[in-house]
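Look at the model first.

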Amino acid sequence: MNRLQTLEEFDQWQLARQQEYNPDRPVITVCGGTGCRVYGSEKVWEAFRSELTRQGADGDLYYDVKVTGCHGFCERGPLVVIRPQGIFYSHVKVEDVPEIVSETILGSRTIERLLYVDPVSGEKIIHEHDVPFYTHQKRLILEKNGNLDPAEISEYIAGGGYSALAAVLRSWTPEQVISAVKSSGLRGRGGAGFSTGVKWSLCAANVLKTGDGYIVCNADEGDPGAYMDRSVMEGNPHSVIEGMLIGAYAMGVHQGFVYIRAEYPLAVKNLRLAIQQAEELGLLGEDILHSGFDFKLSVRLGAGAFVCGEETALIASIEGRIGEPRPRPPYPAESGLWGKPTNINNVKTWAAVPIIIRHGAEWYARIGTEKSKGTLIFSVVGKINNTGLVEVPMGITLRELIFDIGGGIPRGKAFKAAQIGGPSGGCLPAEHLNVKMDYESLTSLGAIVGSGGLVVADEDTCMVDFARYFMTFTQQESCGKCVPCRIGTKAMLETLTRICNGEGQPDDLEYLEELGSHIRASSLCALGQTSPNPVLSTLRYFREEYEAHIYEKRCPARVCKPLITYRIDVERCTGCMVCLRNCSGGAIQGEKGQPHSIDPEHCTRCGVCRNLCKFDAVLVA
Amino acid sequence: MISLTIDEQSIQVPAGRTLLEACREHGISIPTLCYHPALEPYGGCRLCMVELEIPGRPPRLVAACVYPCEEGLVVHTRSALALKSRMMTAELLLAGARGVPEIEQLAAELGVETVRFQLAETNTCVLCGLCVRACREIVGVSAISLIERGMAKKVSAPFELASSRCIGCGTCVLICPTGAFRFDEVAGFHNVEPTLEGYRRGYYRASGEIDLRPDFVQDLPALLRRQGQAGEAKG
């Protein structure tokens, strides 16, 4: 690639790429997101390549095999979409590939068994754009993820990429950029929801004063079950780079960092490649497109501490110090990296910037609610049919998100709660299914938008155990600098553990609430301040479950092992011996053809017998 | 000068003061543990929490040792919220340091009567970080650091070996508020022993005439002797 010297050269180059990349050309896209790779998508695309050659599908029927970023519908991986028709196949195995090539590619026939079946209507759906999981979404940031090769900058540019940067460099003043971001209503997608435009203007003013500063992309996503930042970095890294370039121009900054966790090797690889390609093309570096604007972007790897997602700890980590937060003020906009004004935004915030510039601030501000603009990306996981990445306009209800897009709860179970915002967030019960997903509405109910993790619990989930899970996480991730978080989270966790073990005391609930509000009010950083939220919100909405554990020594969801017993229903048991043979504790006795029994002394409550029994004869109480 | 209100008193301080400094200059006492006038404030122990009154918003607790005096600020150092926070923090501290006289006394002063939670192990070190910061900021050596995180956090020399950079000044021993510092573990490697002379060498080098000793360490030579004997007994 030749370095593009001027804005005109960029325009010409983009036009040439657009002519090359006919959007209607035949292509088989295979999801290369981490979820689908785990399901074996790497073998699937290799199989497509060799099968196309073998069956002679080059010539007129030439199909390109493209490995893309995450399509979002991770539950159904590996995902294959045949374009331009948009035929959507899910759970594709290597063995299916020859048939797809001979039937669908050469024969123009769809393969019924690979089609997605709508769990609500029972209908088979052929096209990706008709799958309810996608139809209810509004994909802006994830729009291109399913049809873009992240390893090719030319594809991103052919699809209109870097046009926003070119437009800004051509005719916008930095003030105009900031004012557009302000009036778009974009708020920080890392969780706090502070106005991005205001944050930029604070940093820009300080950069002007001191003459220097930095911008940082926070890609240290670490919430259990959250992977939206990862998918943006893996699938469309240039959108983040373009956003950072525009931000750097607006704030007058010439050096940026992407702080990304080392546990995301594919995202790191794709990002590094993207940076290298942008540098070679002259979109990063000195005098970009002859505009006089310089910007360098470097990658810094996080070493696996959750707290390094907190901005002051992140700064310490980039500087090479221990990743511990420090008190604010001073805020990074005033004194951040190496004491210089620093603006830190989340991956999704940066990726939203080119969209705002391209479509206009007014257009963006029309999406969402009065105070929460644009779209949110949630990673919807847990007890839900359509596990995956979902991008929705702000203000959509939790019910739409879980039932229309998420496809409801598996095996006809009842929805119980949704933990929104990861370990810092709160748990909302079914009575709040109509809550609007925006910053204010969620906060008023004790949850937060957070970074966008959404874990669904069904009727079989014990809410005390659920809260304990998140508390275990924050307790382990506490950096230990301040006392309320270091010892307080440990005290909360041990109290919860006692309750789950049936050793809860009547005053434990009061202690948890007192301690929770203390940790919230007195901890040094947001990790500590938000860590009691899962406990406090479950205490608010599911207090009776805590009370059942403490006063009745009973786990209503039958999860907490010390509080449950397994027994065999002699009416139903056929004496097939399956449970007996598989019981690791040797706790099941019985003769063939005769009802078995479980010895509670030896039973470890692992549940294997119950899962294996074809006659529903194993009961839990 | 900056004007603010602390506990109903109008106070004027030069710009750049923290709330704690302003309070102490005006005779308002606030408990601290990780604070030392010779060191950069750390904000870790959370015992110096004070309440900020912000119109139209719920009251907010901040650590006085690190929060800067701002024009027009209204601060309450003895509000119910602040006192409760200090008491809860002291109770948590005591949960891990039962039997440590300094912490027992501190907790009693802050009104802790019952400790509702107990950590499995008592640790005399309360991770205030004074030793680490004194070694870096006063002595200029950085022979020790805080390693690990959360409950596993502890003071250590690199790789948990005796430090080759330690000059044996004993500043860390002296500044430790609970007598937890294990000098032999840090300095044992090259056989230095804490001496009054060494300590003077260490602290004069950087801090001039500031007296490092917290009130409760009265007899430095005796303390150093005690440390030496403990080391011998252990070795």
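## A buried isoleucine in chain B

Ile175(B) is buried, because 24 other C-beta atoms lie within 10 Å. The cut-offs are these: buried takes 20 or more other C-beta atoms within 10 Å of a residue's own, exposed 12 or fewer, and partly exposed falls in between, with C-beta atoms placed from the backbone. Ile175(B) belongs to helix α5 (residues 171–175) of chain B. Val132(B) is 43 residues from Ile175(B) in sequence, yet their C-alpha atoms are 9.8 Å apart.

The model is predicted: local features need pLDDT of at least 70, side-chain atom pairs count only at pLDDT 80 or more, and totals for chains, interfaces and linings use all residues. Residues are numbered from 1 along each chain as its sequence is written, while chains are lettered from A and ligands numbered from 1 in the order in which they are written.

## Chain A overall

Chain A has 25 helices and 19 strands. These are DSSP runs numbered from the N terminus: helices are H or I with at least four residues, strands are E with at least two. Buried residues account for 54% of the 621 residues in chain A.

The C-alpha atoms of chain A fill a box of roughly 85 × 65 × 40 Å along the principal axes.

## A parallel sheet in chain A

The strand order in this open, four-stranded parallel sheet is β9-β8-β7-β10 (chain A). Strands pair if DSSP finds at least two bridges between them. β9 (296–302) and β10 (342–346) of chain A are at the edges with a single partner strand each, so one side of each has no neighbour in the sheet. Twist averages 20 degrees from one strand to the next.

β8 (residues 255–261) of chain A pairs with β9(A) in the parallel sense over seven bridges. Here Ile260(A) stands opposite Leu301(A) of β9(A).

## The side of chain B facing chain A

In all, 25 residues of chain B are in contact with 24 residues of chain A. Contact means C-beta atoms, placed from the backbone, within 7 Å. β4 (60–63) and α2 (80–96) of chain B each supply at least two residues of this side of chain B. The largest share, seven residues, comes from α2(B).

How values were computed
Contact = placed C-beta atoms within 7 Å. Axes fitted to C-alpha atoms, helices over the stretch in contact; angles between N-to-C directions.
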